[in-house]
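Keep the structure open while you read.

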Amino acid sequence: MGRIEEDVVAEGKRLLAAAASQSVPLRLLGGVAIGLRAPGELAPAFRRTYADLDFATSRKAVRTATSFFRDEGYEPQVAFNALHGGDRLLFFDNDNDRQLDVFVGSFSMCHRVPLDGRIEIDEVSIPLAELLLTKLQVVQLNEKDVRDALAILHDHPVADADGETLNARRVAELCSCDWGLWRTITQNLHDCRDFADRYDVPDRDTLDARIDTLLERIEAEPKSRSWRLRAKVGDRKRWYELPEEVA
């Protein structure tokens, strides 16, 4: 059985290393992932405490991931996993009173962000494009979502590639076939720019330029027929899901 680290960031690193040694396809998401993907130490404006760990895995690896976390000292939430295991798994670190979520094949909250074929692109986390989308898909942004989104946009260049750049093409493609996702993401990009006034952002010009670049790339992407049909309905119909909190 693995020895669970008290420090959540150290535990995230430990689990990544253990998963890699056993060829288990696991990648971080959430605040810990953003901190680890930063090119250096996060600027004070973007720092925050992290309570839990979030991972993603592929649909084919559900059983392997379940066995992995059990062997590493985590208690599975049996009833939840039996009911939702095709999309999400839940585990507990009882000694440190922490919850660990594993999203399977996609990240689904207010909107669905597909991860199929994207899990193993980077070694630490899901790709930066999807990492940003998991933060911006929240219909009502809170402070931690804003700080995390601003950190990604501030610390990584925007281009049509993965790796240490934020893949604007990927973001634009996902938004071009889902009007609801487009509606939330573009609104939240504008809101994040406004919220940035509250923080001591080290390089505000770069941040603003990257937000502009991403918005322009999203708007330039040809929209699907289903997107255009849904756009005619607009805000008259709710365009997002209301996810339930998991206690």
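Helices (H or I, at least four residues) and strands (E, at least two) are DSSP runs, numbered from the N terminus. This is a predicted model, where local features need pLDDT of at least 70, side-chain atom pairs count only at pLDDT 80 or more, and totals for chains, interfaces and linings use all residues. Residues are numbered from 1 along each chain as its sequence is written, and side-chain values use heavy atoms, with hydrogens and water left out.

Q: Which strand holds arginine 88?
A: Look at residues 88-93. Arginine 88 sits in that run, which is strand β4.

Q: Is arginine 88 buried or exposed?
A: Buried means under 20% relative accessible area, exposed over 50%, partly exposed in between (1.4 Å probe, protein chains only). Arginine 88 has a relative accessible area of 14%. That is under 20%, so arginine 88 is buried.

Q: With which side chain does the side chain of arginine 88 make a polar contact?
A: A polar contact is a pair of N or O atoms within 3.5 Å; within protein, one must be able to donate a hydrogen and the other to accept it, and residues adjacent in sequence count only if both atoms are side-chain atoms. Here the distance is 2.8 Å. The partner of arginine 88 is aspartate 101.

Q: Where is serine 23, and is it buried or exposed?
A: Serine 23 lies in the loop between α1 (8-21) and β1 (26-29). Its phi is positive, about 60°, although serine 23 is not a glycine. With a relative accessible area of 63%, serine 23 is exposed.

Q: What is the phi of aspartate 97?
A: Aspartate 97 lies in the loop between β4 and β5 (98-104). The residue is exposed, at 70% relative accessible area. Aspartate 97 is not a glycine, yet its phi is positive, at about 55°.

Q: How many helices and strands does the protein chain have?
A: Count the secondary structure of the protein chain. The total is 10 helices and 9 strands.

Q: Why is the protein chain as compact as a globular protein of that length?
A: The radius of gyration is taken over C-alpha atoms; the globule rule is 2.2 Å times the number of residues to the power 0.38. For 247 residues the rule gives 18 Å. The protein chain is as compact as a globular protein of that length because its radius of gyration is close to that value, at 18 Å.

Q: What share of the residues in the protein chain is buried?
A: The protein chain has 247 residues. Of these, the buried share is 53%.
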